[in-house]
Amino acid sequence: MYRVALGYDLHRLKIAKDSTVICGGIEIPCDLAIDGAHSDGDVIFHALTDALFSVVGKDIGVEFPNTDPQNLNRSSDEFLSCAFENIKNSYCIINIDIIVICDKPKISPYSLEIRKNIATLLQMDIEDITIRGKTTEQTNLLTIQAYTNVLFQKNKI
Ligand SMILES: [Zn+2]
């Protein structure tokens, strides 16, 4: 049996000279920074965590509430690893397709490194992970969003 899950995340950006925006575990140099995120604001890892929890009927907002001080500035690879622990006995991941929407930073120069990070965390082949960056056509300069589409196959027990 196959199941598909859509994950989503959005964070605000603020102008911040010589800063970085973390995306897919990579610190990307940028003159913008994540604004007001409780964690590190990694939209790719958060959207993936959202999709993985979804397939087992859980909600990232319930598992890691942004009101919990334990989640303050927490590295998002921990969220993703926790979600993976929740699914890995029941499902294997067939492929992941990711869209990141922001005018800055440009994602494509870092997509190989991001795919490597995800492949390691989720024990997948890098060929089964795709990432595309899109701009907002200058309609929304101060947000970064990610959509992740994840196809799962239920393990036979
Ligand atoms: Zn987030």
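Gln 123 sits in the loop between helix H4 and strand S4 (129-134). This is a predicted model. The phi of Gln 123 is positive, about 50 degrees, although the residue is not a glycine. Most residues other than glycine have a negative phi. Gln 123 counts as exposed because it has 10 C-beta neighbours inside 10 Å, and the cut-off for exposed is 12 or fewer.

Gln 138 also has a positive phi, near 60 degrees, and is not a glycine. Its place is the loop between S4 and strand S5 (143-154). With 7 C-beta neighbours inside 10 Å, Gln 138 counts as exposed.

## A cis peptide bond

Most peptide bonds are trans. The bond from Lys 104 to Pro 105 is cis, with omega near -5 degrees. Pro 105 belongs to the loop between strand S3 (91-101) and helix H4 (111-121).

## The S1-S2 hairpin

Strands S1 (residues 2-23) and S2 (residues 26-35) run antiparallel, joined by nine bridges. Thr 20 stands opposite Pro 29 in S2. Two residues separate the strands of this hairpin. In the turn, Gly 24 has a positive phi of about 65 degrees.

## The whole chain

The chain has four helices and five strands. Their order along the sequence is β-β-α-α-α-β-α-β-β. Of the contacts between residues at least 6 apart in sequence, 74% join residues at least 24 apart.

The C-alpha atoms fill a box of roughly 55 × 35 × 25 Å along the principal axes. The radius of gyration is 15 Å, which agrees with the value near 15 Å for a compact globule of 157 residues. Buried residues make up 39% of the 157.

Key: Residues numbered from 1 in each chain as written. Predicted model: local features only at pLDDT ≥ 70, side-chain atom pairs only at ≥ 80, totals over all residues. Rg over C-alpha atoms; globule rule 2.2 N^0.38 Å. Buried ≥ 20, exposed ≤ 12 C-beta atoms within 10 Å, placed from the backbone. Contact = placed C-beta atoms within 7 Å. Pairing = 2+ DSSP bridges.
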